[in-house]
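Have the model open as you read.

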Amino acid sequence: MDVSGKTARPAVRPRVVGEALVRDLDAPLFAERFREILDLEETGYEPTRRHTAEYLAYVLSRPGRLCFAAFHGERLTGFSLAAPLEFFPMKRGAQDDPGWGRRDTLFSADLVVAEGWRNSGVARALKHRQVEAARAAGYRRIAGRNRVGVADAMWRVNLSLGAYVVHHLRDEYVDDVGPADCLYYHIDLVEEAGATGGA
Ligand SMILES: CC(C)(COP(=O)(O)OP(=O)(O)OC[C@H]1O[C@@H](n2cnc3c(N)ncnc32)[C@H](O)[C@@H]1OP(=O)(O)O)[C@@H](O)C(=O)NCCC(=O)NCCS
């Protein structure tokens, strides 16, 4: 993955049938569309990054969560799940995050788009909504992880929102799908005190 964001992009964008409508993914909507959500997770991620139904429910039920679903008409075309960083001690990099314990970091735990709807701006719409909502909720930064070479489209969106690498995690994934490394990133939502060199 080219961390400068200059990765080659597919030349042809497939059909775009209207804009994605992004809605809050709350407990009733999660229960109602649970089968589709799980199906999206299972078909969207390769096995090493795929999460279980229990994990999805865990994130969705955390206080401070920010979760969204993208729709085209009635069709669920993607979703994102995020919650405070301290709920993710099991994710490599999280406990070494400089924001760990400060309770002001939102951890982006999952974002997936249905295969037939990719490359039409759904991930961008979901990530923009997450950033807006996190800022409005008072979070100071978003943290997350992107697999090198496999999540290039996501990394491109994140870079455009100001993402930078906090940890380069080597040998995180053991499979033959792509590179084994993972970028642990931050997107700052407010200017950190002292960042401009002031008093
Ligand atoms: C990664 C993923 C979420 C991207 O979803 P998407 O809806 O296709 O992304 P978008 O259409 O919003 O495209 C985002 C940008 O990446 C670009 N892009 C698409 N494919 C790309 C690729 N292979 N390499 C680099 N950039 C790419 C798009 O052109 C777009 O750029 P632009 O908005 O500046 O034109 C989707 O491929 C997916 O669900 N993958 C499996 C799960 C995953 O890896 N999730 C992310 C990590 S948690």
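Of the chain's 199 residues, 36% count as buried (20 or more other C-beta atoms within 10 Å of the residue's own, with C-beta atoms placed from the backbone; 12 or fewer is exposed, and in between is partly exposed). This is a predicted model: local features need pLDDT of at least 70, side-chain atom pairs count only at pLDDT 80 or more, and totals for chains, interfaces and linings use all residues. Numbering starts from 1 along each chain as its sequence is written.

The chain has five helices and seven strands (DSSP runs numbered from the N terminus: H or I of at least four residues for helices, E of at least two for strands). Along the sequence they read β-α-α-α-β-β-β-α-β-α-β-β. Take the contacts (C-beta atoms, placed from the backbone, within 7 Å) between residues at least 6 apart in sequence: 68% of them join residues at least 24 apart.

Seven strands make an open, mixed sheet in the order 1-2-3-4-5-7-6, where pairing takes at least two DSSP bridges between two strands. Strand 1 (21-24) and strand 6 (164-169) are the edges, each pairing on one side only. From one strand to the next, the twist averages 25° (axes are lines fitted to C-alpha atoms, and angles run from 0 to 180 degrees between N-to-C directions).

Here are two of the pairings:

| Strands | Sense | Bridges |
|---|---|---|
| Strand 1 and strand 2 | antiparallel | four bridges |
| Strand 2 and strand 3 | antiparallel | five bridges |

Aspartate 24 has phenylalanine 68 in strand 2 as its bridge partner. Over in strand 3, phenylalanine 79 partners alanine 69, and glycine 78 stands opposite alanine 70. The hairpin of strand 2 and strand 3 has two residues between the strands, and glycine 73 takes a positive phi near 60° there.

Phenylalanine 79 turns up again in the largest nonpolar core, which has 51 residues; Phe79 and Phe107 have the most contacts inside it. Such a core is a set of buried Ala, Val, Leu, Ile, Met, Phe, Trp, Tyr and Cys residues joined through C-beta atoms within 7 Å. Leaving aside neighbours within four places in sequence, Phe79's contacts include Leu25, Ile37, Leu40 and Val112.

Lastly, the ligand: 22 residues surround it, the closest being Arg118, Ala123, Arg124, Asp152 and Ala153 (C-beta atom, placed from the backbone, within 6 Å). Strand 4 (105-113), helix 4 (122-136) and helix 5 (152-160) each supply at least two shell residues, with helix 5 giving the largest share, five.

Note on methods. Two residues are in contact if their C-beta atoms, placed from the backbone, lie within 7 Å.
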